[in-house]
Structures are given as structure tokens and as C-alpha cells.
Amino acid sequence: MRQPFPPGFLWGCATSAYQIEGSPLADGAGVSNWHRFVRTPGRVLGGDTGDIACDHYRRMKDDVALMRELGLATYRFSIAWNRVLPSGRGAVNAAGLGFYERLVDELLAAGIQPMVTLHHWDLPSALDDRGGWLNPDMPDWFADYAQVCFKALDDRVPMWVTLNEPWVVADGGFMHGALAPGHKSAFEAAIVAHRLMQAHAKGVQAYRAIGKNRIGLVVNIEPKHLPADASEYDRHAAGLADAYMNRQYLDPALLGRYPHELREVFGEAWPDWPAAEVEALKVPVDFLGLNYYTRAVVRFDPKAWPVPAVPQRQPGGIYTETGWELHPQSLADTLVWMHERYGGLPLYVTENGAAFYDPPTAINGRVDDPLRVHYLRTHIAAVQDAIQRGADVRGYCAWSLFDNLEWALGFAKRFGLVHVDFQTQRRTPKASARFYAEVIAAHGANL
Ligand code: BGC
């Protein structure tokens, strides 16, 4: 018998601004790096853009009504910096900020607690033109932007997140270049990682000066496992992969140091940041958010860069449309690992979900997605296991409320619990949404 989820455990869904909103230039918004990136030929599959996406900017009220029907207790969304500060800095665009004020009010009226991410990858182009996350002034610009949001919304927003997945910004945007702004440089990625953590620290400090609620950081963790016949090389490579992806951000933010392995990962590109500067990245937070999707069983491969490790496909494993193995046990283990390594902080699963094939149009008004139901059931049960093992997990957000723009993969990969027909914008709750609504209603007792 499993012990019940704690009272007050928050059930929710997550989205991000550029992936769902559409109307990217409405009401005086500035151009964002993603608005620009999707217009660069060859960058996004099928030439898809966020120009319409889920049209959430215009359908927000109906969307909140749908969230209420599902019984969500919390909704995690992000603010588009370029709507609030069209030039990234300076003058506030009241109309852009107004959208988020209306969204928050609508959520509260529906009894749904807003959880707000300040930066989920979309950046005003005006800042991108100044080097974006490479610019040493970015942490201050981020803190200024954060303050504008805190002042406008902290009276109604109980939970804030500074950054979503800094690893993806640095790795996807600057190391491998699959995401905006599309650079490929270890030298740049190392600098960007540091600026992101400085921005996080300054954002939290700005919050302490004026905020009354809670603020935290969201990271993506992908545990690195070894094959049964692992060699010494495999072991070493897995350690490097773990440092690069899983500890590069949490260690400085919580322990005030970078993992020593990063020197080897980055080689001559690793800047020797002054110790005091690294120590200053450690600023107390109120919670940590975990985005968990999969694990990786890795082998040493000298051709892989910057970490000499490549994931191995597991015979008999179940894989999603993005090629990620289903491994709920690793969600439980990761939560326990975070609990033990980072001082027992309150934890939230801020994203967890899977892309499986769903047809572009609902058939007879239905979308049956048994694999996604299985994914949710097993992963939510894993959260319960982690709680039983002592981790202080206080909430779970499924990724994602809607099928949406899956970044460089365009609309081809569907992660939604609610199906979106991109021709008509019709929303159809999938079987997984109905299952999740039942889980929420039963507070997890029906798993
Ligand atoms: C991101 C989401 C993304 C999801 C699936 C996470 O890395 O935060 O924006 O859509 O994973 O790839």
C-alpha cells in the first residue's frame, strides 16, 4: 500500500509563452529571439512558427475555463520578457504586462494558483543584439525585468521561477545550436552558463527585497546510467555527462561551486571564474523545480562532443516520439537524489510528460492516447515513491496542457494532455487529460 499524497500537494499543468501564445507582436510587444529564429531558414522543422501556435493570447479565458474543468490546482506558465519590456530594458509596455495580469486574475477566479516562470527561453531581440546571455550586463537586465514582474504581480502570484532549464539555454542555444540563437561554441556556452546563474542569483536577491512569497529555480535532470558491462571509460564518461547536464547549475546555485569535471568537459574553454564570484551564485531559494523526461544509459564515445558519451537504446524499452526512454524509476531516484544532495528543499516536479503520436485531428471527437496515460500513471506513482523515501515533493505539473510548438521540432511532436487541431484551434481533452482529471479528483488515490 502506498501512503497518500500529502494534503495540499499541488496538481497542475505547465506551458511556456512562445510555445502557446501566438500573436507575438500584439499590443506593442518587441521582437523576440525565437520570433527571429523561426524565420531563419532550416532552423525549425517544417518552417513552423509561433505566430499563431495555440492562439492562447486570444483564447486565454476559454483556456482557463478548460483548466478549471480538469480540476487543476496550479498552472505553470511563463512571461514573455519582450511583451513586458519590448526593448528588453527601460520602458514598460503596460498592455503586454496587462495580458499576464488578466491571466493571473482569471486563474485566481477559477481557484487555480499561478506559478510564474520569468525566463523560458524567449528573449527580447534587442538584448540578443547585445550578445544576449553572453553579455556581462544580462544578469542585471534580468533582475530589472524580474522586478517589474514582481511589482505588478507578487500580490497575486505565490510561486515564482527565475529560469527554466538553464542547461538547455546554454547547450541548445550556444553549444550545439539547435535552439535560439543557434551558436556552436564551447567558449560561449561556458560563459552563458555562468551569466544565467548570475541572473538567477540576482533575480532571487531582487525578490527578497520586495517579494512576499516563494521563488525557486527549475532545472532538467537526466540521470546517467551505465550498461551492465561498463568499462572504466564508460564510467568516466558517465561522470562527465552527469556533471555537465545535471550538476553544472544546481551545484553553484545550492553549494556555491562548479563540479570539478567541467574543467575536463570544456577544456581550454573553461573560464577560471574567481572563487568569490562562484560563491556569490549560492543564494537561498524556497524550492527547486525538476523537469524530468527520461534517463540515459551511456557509453564512452570519443567522437561525441563536448562529453565523450552517447546514449544507448535499451532493448525492450518503451520510447517516445522524441526518442526518450520511459523510465519512471529514475524520476523517483532523481527526486531523492535532489533531496539528499541539496539540503532537503521543497521540491516540485515542474514538467513531466511525453510526445506520442496523436492524429492532427480528433477522430469522432476523441483522442485516445494509452501510452501517455501509462506514462502519467507510472511517473505520478514514482513521485509517490519518492515522497515515501523521504523527498519533500509538494507538487506535480504535467507537460503539457496543450499540444504546442515543440521548439525546433515545430508542431510535429505532441506533448499535450489536451489535443490542439492547428487548423481549427479546436481543443479536445485526450484520454490522458481525463485520466489526469481523475487523479486530481482522487488526490492520487486511484493510481
Ligand atoms: C522544456 C519545454 C519542452 C519540453 C519537451 C523541456 O525541456 O522546458 O519547453 O517543450 O522539455 O521537450
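Modeller: Ground rule for the classes: Ala, Val, Leu, Ile, Met, Phe, Trp, Tyr, Cys and Pro count as nonpolar, Asp, Glu, Lys and Arg as charged, and the others, Gly among them, as polar. Also keep in mind that this is a predicted model.

Biologist: OK, by class, how many residues does the lining of the largest pocket have?

Modeller: That pocket holds about 1,200 Å³ of space. There are 48 lining residues, and Trp-167, Asp-171, Glu-222, Met-245 and Trp-324 are the closest to its centre. Sorted by class, the lining comes out as 28 nonpolar, 11 polar and nine charged residues.

Biologist: Which element gives the largest share of that lining?

Modeller: The elements giving two or more residues are α8 (166-175), α10 (232-247), β8 (296-300) and β9 (309-311). The largest share is four residues, and it comes from α8.

Biologist: Where does the ligand sit, and which pocket is that space?

Modeller: Its shell has 13 residues, with Gln-19, His-120, Glu-165, Glu-406 and Trp-407 the closest. By class, that shell has six nonpolar, four polar and three charged residues. The space the ligand takes is the largest pocket.

Biologist: How much of the ligand's accessible area does the protein cover?

Modeller: Start with the polar contacts, using a cut-off of 3.5 Å between N or O atoms. Ligand oxygen atoms lie 2.9 Å from a polar side-chain atom of Asn-164, 3.4 Å from one of Tyr-293 and 2.9 Å from a side-chain N or O atom of Glu-351. On its own the ligand has 310 Å² of accessible area, and the protein's cover amounts to 93%.

Biologist: Now the cavities. Which element gives the most to the lining of the largest cavity?

Modeller: The search finds four cavities of 30 Å³ or more, and the largest has a volume of about 100 Å³. Among its 14 lining residues, Asn-33, Trp-121, Val-169, Ala-180 and Pro-181 are the closest to the centre. Both α2 (33-37) and α8 give two or more, but the most, four residues, comes from α8.

Biologist: Last one: which elements each supply at least two residues to the lining of the second largest cavity?

Modeller: That cavity has about 80 Å³ of space. Ala-17, Tyr-18, Ala-80, Asn-82 and Arg-83 are among the residues lining it. The elements that each supply at least two are α1 (17-20) and α4 (81-84).

How values were computed. Residues numbered from 1 in each chain as written. Predicted model: local features only at pLDDT ≥ 70, side-chain atom pairs only at ≥ 80, totals over all residues. Heavy atoms only, no water. Near = heavy atom within 4 Å. Polar contact = N/O pair within 3.5 Å; in protein donor to acceptor, adjacent residues only side chain to side chain. Areas by Shrake-Rupley, 256 points an atom, 1.4 Å probe, with all protein chains shown as cover. 1 Å grid on protein atoms, 1.4 Å probe; cavity = no way out; pocket = protein on both sides within 12 Å on 5 of 7 lines; lining within 4 Å. Sits in = over half its atoms within 2 Å of the grid points. Points joined across faces, edges and corners; volume = space filled by probe spheres on them.
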